[in-house]
Amino acid sequence: MQLGADHVRVRVPATSANLGPGFDALGLALALHDVLEVRALATDEVVVDVEGEGAGEVPADETHLVVRALRAALDVAGAPQTGLHLTCVNRVPHGRGLGSSAAAVVAGVVAARALVADPSVLDDDVALGLATAIEGHPDNAAPALLGGATVAWDAGQGDGPRAVRLDVHPDVRATVLVPSARLATSRARGVLPTHVPHADAAFNAGRAALLVEALTRRPDLLLDATDDRLHQAYRADVMPSSFELVQELRARGLAATVSGAGPTVLVLSTPDGLEEVARVADSLVGGTADWAVHRLDVDTRGVVGERL
(Lines give C-alpha, C1' and ligand atoms only; values in the text may rest on other atoms or scores of the structure.)
Protein backbone atom coordinates (compact mmCIF):
# COMPACT_ATOMS: atom_id res chain seq x y z
CA MET A 1 0.00 0.00 0.00
CA GLN A 2 1.39 3.37 -1.04
CA LEU A 3 0.64 6.79 0.37
CA GLY A 4 -1.92 8.74 -1.63
CA ALA A 5 -1.37 12.13 0.01
CA ASP A 6 1.33 13.91 1.97
CA HIS A 7 -0.74 16.57 3.80
CA VAL A 8 -3.99 15.93 5.69
CA ARG A 9 -6.19 17.64 8.24
CA VAL A 10 -8.30 15.92 10.92
CA ARG A 11 -10.97 17.35 13.20
CA VAL A 12 -12.05 15.14 16.11
CA PRO A 13 -14.67 15.79 18.83
CA ALA A 14 -14.60 15.58 22.59
CA THR A 15 -16.68 12.75 24.00
CA SER A 16 -18.48 11.87 27.20
CA ALA A 17 -18.69 8.20 28.15
CA ASN A 18 -21.02 6.29 30.48
CA LEU A 19 -23.70 9.04 30.58
CA GLY A 20 -24.69 7.72 33.99
CA PRO A 21 -25.83 4.09 33.73
CA GLY A 22 -24.13 3.06 30.47
CA PHE A 23 -20.79 2.16 32.04
CA ASP A 24 -18.13 1.34 29.40
CA ALA A 25 -20.85 1.14 26.74
CA LEU A 26 -22.61 4.44 26.02
CA GLY A 27 -20.93 7.56 24.72
CA LEU A 28 -21.77 10.94 23.25
CA ALA A 29 -19.80 13.16 20.85
CA LEU A 30 -19.66 16.84 21.79
CA ALA A 31 -19.03 19.89 19.61
CA LEU A 32 -15.64 20.74 21.08
CA HIS A 33 -12.81 19.79 18.77
CA ASP A 34 -9.11 19.16 18.40
CA VAL A 35 -7.80 19.99 14.92
CA LEU A 36 -4.54 18.62 13.62
CA GLU A 37 -2.54 18.59 10.41
CA VAL A 38 -0.05 15.95 9.36
CA ARG A 39 2.60 16.34 6.67
CA ALA A 40 4.62 13.36 5.48
CA LEU A 41 8.33 14.20 5.31
CA ALA A 42 11.00 12.78 3.05
CA THR A 43 13.28 12.35 6.08
CA ASP A 44 12.91 10.27 9.25
CA GLU A 45 12.35 13.44 11.29
CA VAL A 46 9.35 13.76 13.62
CA VAL A 47 8.25 17.29 14.50
CA VAL A 48 5.31 17.89 16.85
CA ASP A 49 3.85 21.35 17.47
CA VAL A 50 1.03 21.69 20.00
CA GLU A 51 -1.13 24.73 20.68
CA GLY A 52 -3.78 24.88 23.39
CA GLU A 53 -4.42 21.94 25.72
CA GLY A 54 -1.29 19.93 26.44
CA ALA A 55 1.13 22.49 25.01
CA GLY A 56 4.45 22.08 26.78
CA GLU A 57 3.21 18.92 28.52
CA VAL A 58 2.64 16.18 25.94
CA PRO A 59 5.60 14.53 24.18
CA ALA A 60 6.95 16.18 21.04
CA ASP A 61 8.44 13.03 19.51
CA GLU A 62 7.56 9.48 18.43
CA THR A 63 5.82 8.84 21.76
CA HIS A 64 3.10 11.44 21.11
CA LEU A 65 -0.22 9.56 21.14
CA VAL A 66 -1.30 10.80 17.71
CA VAL A 67 2.01 9.70 16.20
CA ARG A 68 1.81 6.29 17.86
CA ALA A 69 -1.75 5.73 16.60
CA LEU A 70 -0.90 6.96 13.12
CA ARG A 71 2.10 4.63 12.86
CA ALA A 72 0.06 1.66 14.11
CA ALA A 73 -2.58 2.40 11.47
CA LEU A 74 0.01 2.68 8.69
CA ASP A 75 1.31 -0.75 9.72
CA VAL A 76 -2.20 -2.22 9.60
CA ALA A 77 -2.69 -0.71 6.14
CA GLY A 78 0.64 -2.08 4.95
CA ALA A 79 1.80 1.44 4.12
CA PRO A 80 5.37 2.71 4.49
CA GLN A 81 6.40 4.68 7.53
CA THR A 82 7.61 8.20 6.92
CA GLY A 83 8.86 11.28 8.68
CA LEU A 84 6.07 13.42 10.11
CA HIS A 85 5.31 17.02 10.93
CA LEU A 86 2.31 17.05 13.25
CA THR A 87 0.57 20.29 14.20
CA CYS A 88 -2.16 20.11 16.88
CA VAL A 89 -4.59 22.79 17.97
CA ASN A 90 -6.20 21.22 21.03
CA ARG A 91 -9.40 22.39 22.69
CA VAL A 92 -10.44 19.14 24.44
CA PRO A 93 -9.33 19.37 28.10
CA HIS A 94 -6.80 16.76 29.20
CA GLY A 95 -7.44 14.51 32.19
CA ARG A 96 -10.99 15.74 32.72
CA GLY A 97 -13.18 12.87 31.43
CA LEU A 98 -13.88 14.35 27.99
CA GLY A 99 -12.08 11.74 25.91
CA SER A 100 -8.86 13.59 25.11
CA SER A 101 -6.81 10.41 24.72
CA ALA A 102 -9.49 8.76 22.56
CA ALA A 103 -9.58 11.91 20.44
CA ALA A 104 -5.82 11.70 19.91
CA VAL A 105 -5.91 8.01 19.02
CA VAL A 106 -8.87 8.32 16.65
CA ALA A 107 -7.28 11.38 15.04
CA GLY A 108 -4.06 9.47 14.44
CA VAL A 109 -5.87 6.52 12.87
CA VAL A 110 -7.98 8.75 10.64
CA ALA A 111 -4.93 10.80 9.64
CA ALA A 112 -3.38 7.55 8.41
CA ARG A 113 -6.64 6.71 6.60
CA ALA A 114 -6.45 10.05 4.78
CA LEU A 115 -2.78 9.55 3.92
CA VAL A 116 -2.96 6.06 2.37
CA ALA A 117 -3.87 5.44 -1.26
CA ASP A 118 -6.83 3.20 -0.37
CA PRO A 119 -8.65 4.60 2.70
CA SER A 120 -11.06 1.63 2.75
CA VAL A 121 -8.39 -0.55 4.38
CA LEU A 122 -8.88 1.58 7.50
CA ASP A 123 -12.68 1.66 7.47
CA ASP A 124 -14.68 2.42 10.62
CA ASP A 125 -14.67 -1.19 11.84
CA VAL A 126 -10.89 -1.46 11.49
CA ALA A 127 -10.42 2.01 12.96
CA LEU A 128 -12.55 1.19 16.00
CA GLY A 129 -10.66 -2.05 16.61
CA LEU A 130 -7.30 -0.34 16.34
CA ALA A 131 -8.34 2.61 18.53
CA THR A 132 -9.71 0.23 21.15
CA ALA A 133 -6.52 -1.83 21.14
CA ILE A 134 -4.57 1.33 21.92
CA GLU A 135 -7.13 2.90 24.29
CA GLY A 136 -8.23 -0.24 26.12
CA HIS A 137 -12.00 0.22 25.70
CA PRO A 138 -14.28 1.65 22.97
CA ASP A 139 -16.73 3.85 24.90
CA ASN A 140 -14.99 7.13 23.95
CA ALA A 141 -13.43 5.98 20.70
CA ALA A 142 -16.80 5.00 19.20
CA PRO A 143 -18.51 8.41 19.46
CA ALA A 144 -15.28 10.19 18.48
CA LEU A 145 -15.24 8.09 15.33
CA LEU A 146 -18.95 7.94 14.48
CA GLY A 147 -20.47 11.07 16.05
CA GLY A 148 -23.84 11.30 17.79
CA ALA A 149 -24.42 8.81 20.59
CA THR A 150 -23.03 5.30 20.41
CA VAL A 151 -23.44 1.94 22.06
CA ALA A 152 -20.21 -0.07 22.03
CA TRP A 153 -19.56 -3.65 23.05
CA ASP A 154 -17.04 -6.46 22.75
CA ALA A 155 -18.29 -9.00 20.21
CA GLY A 156 -16.27 -11.75 21.90
CA GLN A 157 -14.57 -14.81 20.39
CA GLY A 158 -11.77 -12.61 19.11
CA ASP A 159 -14.07 -10.53 16.92
CA GLY A 160 -13.17 -7.33 18.73
CA PRO A 161 -15.23 -4.25 19.52
CA ARG A 162 -18.42 -3.22 17.76
CA ALA A 163 -20.46 -0.03 17.94
CA VAL A 164 -23.76 1.30 16.67
CA ARG A 165 -24.56 4.95 16.21
CA LEU A 166 -27.74 6.50 17.59
CA ASP A 167 -29.33 9.58 16.02
CA VAL A 168 -29.66 11.90 18.99
CA HIS A 169 -32.92 13.83 19.31
CA PRO A 170 -32.33 17.37 17.94
CA ASP A 171 -33.49 18.90 21.24
CA VAL A 172 -30.74 17.30 23.33
CA ARG A 173 -28.13 19.78 24.54
CA ALA A 174 -25.08 19.36 26.73
CA THR A 175 -23.59 21.59 29.38
CA VAL A 176 -20.20 20.61 30.78
CA LEU A 177 -18.80 21.85 34.07
CA VAL A 178 -15.05 21.40 33.80
CA PRO A 179 -12.94 21.64 36.97
CA SER A 180 -9.37 22.89 37.01
CA ALA A 181 -8.26 19.67 38.74
CA ARG A 182 -7.38 16.59 36.70
CA LEU A 183 -8.00 12.94 37.46
CA ALA A 184 -6.22 9.99 35.87
CA THR A 185 -8.59 7.39 34.44
CA SER A 186 -6.50 4.66 36.04
CA ARG A 187 -7.11 6.16 39.49
CA ALA A 188 -10.87 6.48 38.87
CA ARG A 189 -11.04 2.86 37.72
CA GLY A 190 -8.89 1.66 40.58
CA VAL A 191 -11.51 2.46 43.22
CA LEU A 192 -14.28 0.41 41.58
CA PRO A 193 -15.28 -2.81 43.34
CA THR A 194 -14.88 -6.19 41.69
CA HIS A 195 -18.49 -7.10 42.59
CA VAL A 196 -21.69 -5.08 42.89
CA PRO A 197 -25.13 -6.01 44.27
CA HIS A 198 -27.40 -7.75 41.79
CA ALA A 199 -30.12 -5.18 42.45
CA ASP A 200 -27.79 -2.35 41.43
CA ALA A 201 -26.79 -4.15 38.23
CA ALA A 202 -30.45 -4.70 37.37
CA PHE A 203 -31.21 -1.05 38.11
CA ASN A 204 -28.49 0.11 35.74
CA ALA A 205 -29.54 -2.28 32.99
CA GLY A 206 -33.01 -0.77 33.03
CA ARG A 207 -31.77 2.82 33.12
CA ALA A 208 -29.26 2.23 30.32
CA ALA A 209 -32.05 0.85 28.13
CA LEU A 210 -34.20 3.86 29.03
CA LEU A 211 -31.34 6.20 28.18
CA VAL A 212 -31.37 5.02 24.56
CA GLU A 213 -35.04 6.04 24.36
CA ALA A 214 -34.37 9.35 26.12
CA LEU A 215 -31.47 10.30 23.86
CA THR A 216 -33.22 9.43 20.62
CA ARG A 217 -36.95 10.08 21.13
CA ARG A 218 -37.88 11.19 24.65
CA PRO A 219 -35.55 13.85 26.09
CA ASP A 220 -38.15 14.44 28.81
CA LEU A 221 -36.94 11.15 30.34
CA LEU A 222 -33.29 12.21 30.66
CA LEU A 223 -33.34 12.74 34.42
CA ASP A 224 -34.57 9.22 35.20
CA ALA A 225 -32.53 7.70 32.38
CA THR A 226 -29.19 9.08 33.62
CA ASP A 227 -29.48 7.64 37.14
CA ASP A 228 -26.66 5.29 38.15
CA ARG A 229 -25.76 2.90 40.96
CA LEU A 230 -22.81 1.15 39.35
CA HIS A 231 -19.79 3.47 39.43
CA GLN A 232 -20.27 7.13 40.40
CA ALA A 233 -20.82 6.70 44.14
CA TYR A 234 -17.80 4.39 44.36
CA ARG A 235 -15.67 7.17 42.86
CA ALA A 236 -16.89 9.88 45.22
CA ASP A 237 -13.74 9.82 47.36
CA VAL A 238 -11.42 10.57 44.40
CA MET A 239 -13.64 13.35 43.02
CA PRO A 240 -15.68 14.63 45.97
CA SER A 241 -16.48 18.03 44.45
CA SER A 242 -17.75 16.49 41.22
CA PHE A 243 -19.87 13.88 42.98
CA GLU A 244 -21.38 16.50 45.28
CA LEU A 245 -22.12 18.71 42.30
CA VAL A 246 -23.88 15.88 40.47
CA GLN A 247 -26.02 15.21 43.54
CA GLU A 248 -26.92 18.89 43.89
CA LEU A 249 -27.84 19.24 40.22
CA ARG A 250 -29.95 16.09 40.23
CA ALA A 251 -31.74 17.19 43.41
CA ARG A 252 -32.82 20.25 41.41
CA GLY A 253 -34.25 18.14 38.60
CA LEU A 254 -31.32 18.29 36.18
CA ALA A 255 -29.92 15.25 34.36
CA ALA A 256 -26.34 15.45 35.63
CA THR A 257 -23.69 12.73 35.52
CA VAL A 258 -19.95 12.43 35.89
CA SER A 259 -18.47 12.60 32.39
CA GLY A 260 -16.49 9.45 31.73
CA ALA A 261 -14.01 8.81 34.52
CA GLY A 262 -14.40 12.44 35.65
CA PRO A 263 -13.99 14.89 37.11
CA THR A 264 -16.01 16.92 34.54
CA VAL A 265 -19.76 16.99 35.16
CA LEU A 266 -22.13 16.61 32.20
CA VAL A 267 -25.70 17.95 32.26
CA LEU A 268 -28.09 16.90 29.50
CA SER A 269 -31.14 19.05 28.81
CA THR A 270 -33.41 20.43 26.12
CA PRO A 271 -33.14 24.01 24.77
CA ASP A 272 -35.96 25.06 27.10
CA GLY A 273 -33.92 23.86 30.07
CA LEU A 274 -30.62 25.53 29.21
CA GLU A 275 -31.31 28.68 31.15
CA GLU A 276 -32.24 26.68 34.25
CA VAL A 277 -29.05 24.66 33.90
CA ALA A 278 -27.06 27.91 33.59
CA ARG A 279 -28.83 29.45 36.60
CA VAL A 280 -28.25 26.45 38.84
CA ALA A 281 -24.67 25.97 37.66
CA ASP A 282 -23.97 29.62 38.37
CA SER A 283 -25.44 29.33 41.85
CA LEU A 284 -23.27 26.29 42.60
CA VAL A 285 -19.93 27.07 40.93
CA GLY A 286 -20.30 30.56 39.44
CA GLY A 287 -17.63 33.09 40.23
CA THR A 288 -15.02 30.48 41.16
CA ALA A 289 -11.80 29.90 39.27
CA ASP A 290 -12.07 26.15 39.86
CA TRP A 291 -14.84 25.49 37.33
CA ALA A 292 -15.50 26.47 33.71
CA VAL A 293 -18.98 26.05 32.25
CA HIS A 294 -19.54 25.40 28.54
CA ARG A 295 -22.71 24.85 26.52
CA LEU A 296 -22.11 22.34 23.74
CA ASP A 297 -24.17 20.90 20.92
CA VAL A 298 -24.01 17.22 20.11
CA ASP A 299 -21.44 16.55 17.39
CA THR A 300 -23.29 14.56 14.72
CA ARG A 301 -20.41 13.97 12.30
CA GLY A 302 -17.67 12.43 14.37
CA VAL A 303 -14.08 12.61 13.19
CA VAL A 304 -13.48 14.20 9.79
CA GLY A 305 -10.28 13.66 7.81
CA GLU A 306 -9.42 15.38 4.54
CA ARG A 307 -6.53 15.60 2.15
CA LEU A 308 -5.03 19.06 1.63
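Is asparagine 18 buried or exposed? Asparagine 18 turns out to be buried, with a relative accessible area of 2%. Keep in mind that this is a predicted model.

- Strand β1 covers residues 7-18, and asparagine 18 sits in it.
- The phi of asparagine 18 is near 75°, which is a positive value in a residue other than glycine.
- Next along is leucine 19, placed in the loop between β1 and β2 (22-41).
- Leucine 19 also has a positive phi, near 55°, and again this is a residue other than glycine.
- For context, most residues other than glycine have a negative phi.
- Leucine 19 counts as buried because its relative accessibility is 0%, and the cut-off for buried is under 20%.
- β1 and β2 make a hairpin with three residues between them, and leucine 19 is in that turn.
- Twelve bridges hold β1 and β2 together, and the two strands run antiparallel.

**Other partners of β2**

- β2 also pairs with strand β4 (residues 83-90), in the antiparallel sense, over seven bridges.
- Within that pairing, arginine 39 has histidine 85 in β4 as its bridge partner.
- Strand β5 (residues 149-154) is another antiparallel partner of β2, joined to it by three bridges.

**The β8-β9-β7-β10 sheet**

- Four strands build an open sheet, ordered β8-β9-β7-β10, with antiparallel pairing.
- β8 and β10 (291-296) are the edge strands with a single partner each, so one side of each has no neighbour in the sheet.
- On average, neighbouring strands in this sheet are turned by 20° against each other, ignoring direction.
- Inside the sheet, β7 (residues 173-179) and β9 run antiparallel and are joined by five bridges.
- Threonine 175 is the residue opposite valine 267 in β9.
- Proline 263 is in the loop between β8 (255-258) and β9 (265-269).
- A cis peptide bond links glycine 262 to proline 263, with omega at about 5°.
- That is worth a look, given that most peptide bonds are trans.

- α8 lies across β7, β8, β9 and β10, and runs at about 165° to β8.
- Helix α8 (residues 240-251) also pairs up with helix α9 (residues 274-285): their axes come within 11 Å and cross at roughly 140°.
- The two helices are therefore oblique to each other, since over 145 degrees would be needed to count as roughly antiparallel.
- The α8–α9 crossing is right-handed.
- On the α8 side the contact uses Leu245, Glu248 and Leu249, and on the α9 side Val280, Leu284 and Val285.
- By type, the residues of this contact split into five nonpolar, no polar and one charged.

- Asparagine 204 is part of helix α6 (residues 198-216).
- At a relative accessible area of 3%, asparagine 204 is buried.
- Leaving out residues up to four places away in sequence, asparagine 204 touches Gly20, Pro21, Asp228, Arg229 and Leu230.
- Valine 58 belongs to the loop between β3 (46-52) and α1 (65-77).
- Valine 58 counts as partly exposed because its relative accessibility is 25%, and that class runs between the 20% limit for buried and the 50% limit for exposed.
- With residues up to four places away in sequence left out, valine 58 touches Val50, His64 and His94.
- Valine 58 and leucine 192 are 134 residues apart along the chain, and their C-alpha atoms are separated by 28 Å.

Notes
Residues are numbered from 1 along each chain as its sequence is written. This is a predicted model: local features need pLDDT of at least 70, side-chain atom pairs count only at pLDDT 80 or more; totals for chains, interfaces and linings use all residues. Side-chain values use heavy atoms; hydrogens and water are left out. Axes are lines fitted to C-alpha atoms, for helices over the stretch in contact, and angles run from 0 to 180 degrees between N-to-C directions. Angles under 35 degrees count as roughly parallel, over 145 as roughly antiparallel, 65 to 115 as roughly perpendicular and the rest as oblique. A crossing is left-handed if the near helix is turned anticlockwise from the far one by less than a right angle, and right-handed if clockwise. Contact means heavy atoms within 4.5 Å. Ala, Val, Leu, Ile, Met, Phe, Trp, Tyr, Cys and Pro count as nonpolar, Asp, Glu, Lys and Arg as charged, and the others, Gly among them, as polar. Buried means under 20% relative accessible area, exposed over 50%, partly exposed in between (1.4 Å probe, protein chains only). Two strands pair if DSSP finds at least two bridges between them.
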